[in-house]
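Welcome! Let's get to know this structure together, one question at a time.

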Amino acid sequence: MITYLKVRNLAIVEELAIEPGSGLNVLTGETGAGKSLLIDSLEFLRGARGSSDMIRGGTDKMTAEAVFHVPKKTARQLEEIGIDFDAQGELIVRREIGGRSRVLINGSPLSVRELGAAMDALLEIHGQQESHQRVAGQTYRELVDEYGNHDELLVTTREAYRDWKQAADQLREMTGAQRDRALQLDLLRYQLDEISAAKLDPAEEDALLEEKAVLSHAREMIEATSGAFQLVDDDENSSIAQLGRAIHMLQPLSKHIADLRQIGDDLQDALYRLQEVARTLGRLSETVRHDPARLEQVEDRLVTIERLNKKYGGTITAVLDHLGRAQDEYERLADYEANVEKLQQAEAARLGVYRKAAEKLSAARKKAARAFEQAIQKQLNDLAMERTTVRVVVENVERGGADGIDRIDVLIAPNRGEEPKAMQRIASGGELSRIQLAIAAALFKASTHSAAATLVFDEIDAGIGGRVAEIVGRKLQELAARNQVICVTHLPQIASFGTTHFYVWKEDHAGHTRARIRRLDDAEERVAEIARMLGGEKVSESAFAHARELLEGAKVAQLRGHAV
């Protein structure tokens, strides 16, 4: 629902800001005061086309801004189209034209088309000639499904469609692969043979690199290890021999002198380590061989590994993973005929399940549509539109979707004997607004769900009065128990049902006319405004009394509605 609305420089509006309530918000005031400009600003925020003619004279930019509180269900829908929310679930929408025209939602720029998509679930404005084929934030299909409580049937149909679509996609992919199957098989066979023949081991590359390093420097290693061995342990002047003599020289005194005993122990440790080094040098000098043939084998093997790594993933592990996938794909394509037959059978079976679920849903929709028609017709009769006939049409389409096989429309015949047509083609603004109210009221009485959209009604009181106006007001009040409703009205009977009442007037200021607005919080202010609407310029005491009666009656009706 809208918690804040601000408009600047729209026609005679210099700046208006209101905080609509959660129930029925009514806007009243004299003709031409600017009430409908607030509706225009909401249309603008909903994505209607803007033009420079809207901008207040003497200014160069018009802006409209609204803050919406969005329930979790609707927030999830908007997040799917890329709208982000804060923790409080607030949505701040700002649009401006003139100079730099732009749209911002929660600070992020969007296109006007994206704005319209985002507003579909949040704001419905009734009373215009064009229709978005939505009521209370829902499409006609959603209206019928909610009226008929088709949640379980919808879930079953959507799941069956998803399963069938998955099988159909697999079959299409397999059938398309047939065109390249022979070429693909040849390529896979080549890859399988090439990788398999290499007999790769994930651990061998590091070992080969180490072996290559040794073989590449074999001559130098033989010379170095032999020379080092001679210096360490191969003659009477070697390091080990000299170290042994040093230990022998210190040994007699180390029994008596602690420092020399410690030095003797350290030299003995050094001797042991040096002897171990000598053994390693001796082993290396004896085992390292200059082997050009083996070096060539190692290098060839490393070239093979490097080539396969570059082609199939970068590492031996990745190459072996590719081998497994290629084997699976080869077997799938090689067994093409059997796989296609299995997929055809699976696709046909799942299509049958989907068609059965969709037909069951369609039958339920047709049944619900007949009951919905009667409920809407009753509401229309209450609204003095007895001559208007409504038809909720459910037609099967050739290609179904996740929501079934039906196209649903609401058709209207304004007079008996006429062919029903799409309502935006045959209804006036006031009639269209009341028809939308009748649909929403019929849905309200049947549904257990909570709606989310803010509903705006303009011109709803055109051509009505008296008892019918009171009925319209009561239905708006009932509808506002779940939806936030905003209504521009000239009729006191409707205005008396408002839970939040805004008064709009215009005044001259600095040589210009400007529209002003304020909320009537004081009870006597509301009585005075209702009395003005009843009595015109000169308000009599009887008008005040009648105004109090209307307000008291609306209050009683609201209490009864809550009790029910």
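Q: How much of the contact count, at a separation of 6 or more, comes from residues 24 or more positions apart in this chain?
A: This is a predicted model, and the question concerns contacts with a separation of 6 or more. Among those contacts in the chain, the share from residues 24 or more positions apart is 70%.

Q: What percentage of the residues in the chain are buried?
A: The chain contains 19 helices and 17 strands. It has 564 residues, and the buried ones make up 43%.

Q: Which residues does alanine 167 touch, not counting residues up to four places away in sequence?
A: Alanine 167 sits in helix H5 (residues 151-177), and it counts as buried because its relative accessibility is 1%, where the cut-off is under 20%. Alanine 346 is 179 residues away from it in sequence, yet the two C-alpha atoms are 6.6 Å apart in space. The residues that alanine 167 touches are Ala346, Glu347 and Arg350.

Q: Why are the buried residues of H11 said to be on the same side, and what arc do they cover?
A: The buried residues in H11 are Leu295, Val298, Leu302, Ile305, Leu308, Asn309 and Tyr312. They share a side of H11 because of the limited arc they cover around the axis, only 155°.

Q: Which exposed residues does H11 carry on the face turned away from its buried side?
A: H11 has 21 residues and reaches 30 Å from its first C-alpha to its last, close to the expected 30 Å. Glycine 313 follows H11 and has a positive phi, near 140°. On the face turned away from the buried side of H11, the exposed residues are Val303 and Lys310.

Q: At roughly what angle do the axes of helix H6 and helix H11 cross?
A: Residues of H6, including Tyr190 and Ile195, meet residues of H11, including Arg301 and Leu308. The crossing of H6 past H11 is left-handed. The axes of helix H6 (residues 181-198) and helix H11 (residues 292-312) come within 11 Å, and they cross at roughly 145°.

Q: How far apart are the end C-alpha atoms of helix H12?
A: Helix H12 (residues 316-334) has 19 residues, so at 1.5 Å a residue it should span 27 Å. The distance between its end C-alpha atoms agrees with that, at 26 Å.

Q: Which residues are exposed on the other side of H12?
A: Buried residues in H12 are Ile316, Ala318, Val319, His322, Leu323, Ala326 and Leu333. They cover an arc of only 145° around the axis, which puts them on the same side of H12. On the other side of H12, the exposed residues are Arg325 and Asp328.

Q: Which residue in S13 stands opposite leucine 411?
A: Strand S12 (residues 404-413) pairs with S13 over two bridges in the antiparallel sense. Standing opposite leucine 411 in that strand S13 is alanine 422.

Note on methods:
Residues are numbered from 1 along each chain as its sequence is written. This is a predicted model: local features need pLDDT of at least 70, side-chain atom pairs count only at pLDDT 80 or more; totals for chains, interfaces and linings use all residues. Side-chain values use heavy atoms; hydrogens and water are left out. Helices (H or I, at least four residues) and strands (E, at least two) are DSSP runs, numbered from the N terminus. The expected span of a helix is 1.5 Å times one less than its number of residues. Buried means under 20% relative accessible area, exposed over 50%, partly exposed in between (1.4 Å probe, protein chains only). The arc is that of the directions from the helix axis to the C-beta atoms. Two strands pair if DSSP finds at least two bridges between them. Axes are lines fitted to C-alpha atoms, for helices over the stretch in contact, and angles run from 0 to 180 degrees between N-to-C directions. A crossing is left-handed if the near helix is turned anticlockwise from the far one by less than a right angle, and right-handed if clockwise. Contact means heavy atoms within 4.5 Å.
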